[in-house]
Amino acid sequence: TDEESPTTDLTMDDAYTAIAQYERGVKMTIRKNPLHSQGWLYVDAGTYSSVESLIVWREMNDTVEIAASNIDTIDADSAYIFTGWNVSDDDTATLLMTGDIEAIADYSMAFRTVICKSPAETLGTLTINDTVFSGPASARYERWWLQSSEYDIATSIMDDVASDRRWRFIEWSDGNTSSERMLTASAPESLAAVYLRQYSLSIAKNPPEPYGTITITDSTYAGESAFAWIFKDSTADAAVSGHDIAHYCSLYTFIDWADGPTDSARSIVIDTSVELTANYNADTVLLSIVLSTNTWNIPDELWLNETYTMLAADSIVITNNSSYPVQFGLQLLDGDGLDPGYMPTMDCFVLRAKFNDDVSAGTFSPARDFVKYQLLWSSSNIFGPGGECVPVSDIENLWMQFVSPSGLTSDGAYSFTMAIWARIRLP
């Protein structure tokens, strides 16, 4: 007979007493927390599907191997994620049955999260909690996120296709315009980083010269060339300066664009990268001015802090004999040991000047009309209004006003030297 089997057969050839031997068993209760029937439970090589709990009995000191499913899908976007046992740190646990055991498989609610680029380009990066995904992995990220967990996400802003074309991040599909943000898992999430194609627009001057300006849309650049990124299918405004003045008597005049248009300003629909060349004609112009006198004799004696204004008979008449309008500038070259300033102080004088067509100097502006060691060009506010743009063959009167120092280290005769500058002035 099989003494280990709960059933047995006896041949009654004598009188027998059959005794069934029992000893107390130990119970193992296995359940999921929270209770749910999705997934499976595993006990000693047996897998039980669609159960939320099991009870098994074993002899004292037996060992039992248990495991639970990792992801229990509730629907397409929600699931329970296994987080561990209460009785073991291992996902598959082997337990010694020295008494009754309640083994609890803990789960957390999770939501499916999809983050992608639109369009699904594989350039640049996608960063999730300091993990950087590049190449195809940056185009689509799909994971289960535990409920209430927080994630820092960032997408690259400029994804270069080539030196003249790229993808430019615009916004997320929910309207957020920051490339970096934080998400909290509270529901299923599907989020796209929206990109638009950009092409380069470059403009160069021929011959290369750094004078004047180049304008692309709303930005103005100085130099011989300029470069900007423009969104595909948008209209870009491009322009170059009509006249570029080099040094004071050299002039570059715009002729046409290399591809035909003759207007210095134009509009272009961008559907690929564009290179434009603006052709200029280089010329040397006549720059000539004539002064009626180059000397102003201030009275031999002045009190300290005394103001003396040029008389009509002393005004300096300047004639523009150049081939183009000119702009005047003033600069003190030598103060004969004294310094020029905004107001008179010890060993510091004030020299003011202005250009006009009047028969008298009029009123000087202490803040805008004083001459410095630094070259200042006339404008409507500085030394103005007459010296900003003097037409060909026209004349301007230069008026000056002198204020003596409030104190001198030594009395004596002083002579000051001021330079009158001129340069071509064009619209």
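**Group meeting talk: a chain of strands**

Let's start at Met12, which sits in the segment before β1 (26-33). Helices (H or I, at least four residues) and strands (E, at least two) are DSSP runs, numbered from the N terminus.

A word on the model. It is predicted, so to speak of local features we need pLDDT of at least 70, side-chain atom pairs count only at pLDDT 80 or more, and totals for chains, interfaces and linings use all residues. Residues are numbered from 1 along each chain as its sequence is written, and side-chain values use heavy atoms, with hydrogens and water left out.

Back to Met12. Is Met12 buried or exposed? Met12 counts as exposed, because its relative accessibility is 62%. The cut-offs are these: buried is under 20% relative accessible area, exposed is over 50%, and partly exposed is in between (1.4 Å probe, protein chains only). Together with Leu10 and Tyr16, Met12 makes a nonpolar surface patch of about 370 Å². Patch residues have over 30% relative accessible area and no salt bridge; like charges are joined within 9 Å, and nonpolar side chains (Val, Leu, Ile, Met, Phe, Trp, Tyr) within 5 Å. The areas come from the Shrake-Rupley method with a 1.4 Å probe, and for residues only the protein chains shown count as cover.

Now zoom out. How many helices and strands are there in the protein? There are 34 strands and zero helices. The C-alpha trace spans about 160 × 60 × 25 Å along its principal axes. The radius of gyration is 45 Å, while a compact globule of 427 residues would have one near 22 Å. That radius is taken over C-alpha atoms, and the globule rule is 2.2 Å times the number of residues to the power 0.38. Of the 427 residues, 38% count as buried.

Ile316 lies in strand β28 (residues 316-320). Ile316 counts as buried, because its relative accessibility is 5%. Now find Glu102. Ile316 and Glu102 are 214 residues apart in sequence, and their C-alpha atoms are 109 Å apart in space.

Next, charges. Side chains of opposite charge can pair when their charged atoms come close. A salt bridge here is a side-chain nitrogen of Lys or Arg within 4 Å of a carboxyl oxygen of Asp or Glu. By this rule the count is 16.

Take Arg24 and Asp100. Their side chains meet in a salt bridge at 3.7 Å, N to O. This pair links distant parts of the chain, 76 residues apart: Arg24 is in the segment before β1, and Asp100 is in the loop between β8 (93-96) and β9 (101-118). Arg24 counts as exposed, because its relative accessibility is 60%. Asp100 is partly exposed, with 47%.

Now Lys32 and Asp72. They form a salt bridge, with the closest N and O atoms 2.9 Å apart. Lys32 is in strand β1 and Asp72 in strand β6 (residues 71-73), so the pair ties together parts that are 40 residues apart in sequence. Are Lys32 and Asp72 buried or exposed? Both are buried.

Glu142 is partly exposed, with a relative accessible area of 31%.

Which residues gather in a patch of negative charge on the surface? They are Asp130, Glu150, Asp152 and Glu180. Lys and Arg count as positive and Asp and Glu as negative, while His and the chain ends are not counted. The place of a charge is NZ of Lys, CZ of Arg, CG of Asp or CD of Glu. Asp152 is in strand β13 (residues 150-155). Asp152 counts as partly exposed, because its relative accessibility is 46%.

Last topic: the backbone. Asn33 and Pro34 are joined by a cis peptide bond, with omega about 0°. Pro34 is in the loop between β1 and β2 (40-43). Gly384 and Pro385 are also joined by a cis peptide bond, and here omega is about 10°. Pro385 is in the loop between β32 (376-377) and β33 (395-403).

Finally, phi. Asn305 is not a glycine, yet its phi is positive, near 65°. Asn305 is in the loop between β26 (289-291) and β27 (307-309). Asp336 has a positive phi too, near 55°. Its place is the loop between β29 (326-334) and β30 (339-340). Asp336 counts as partly exposed, because its relative accessibility is 34%.
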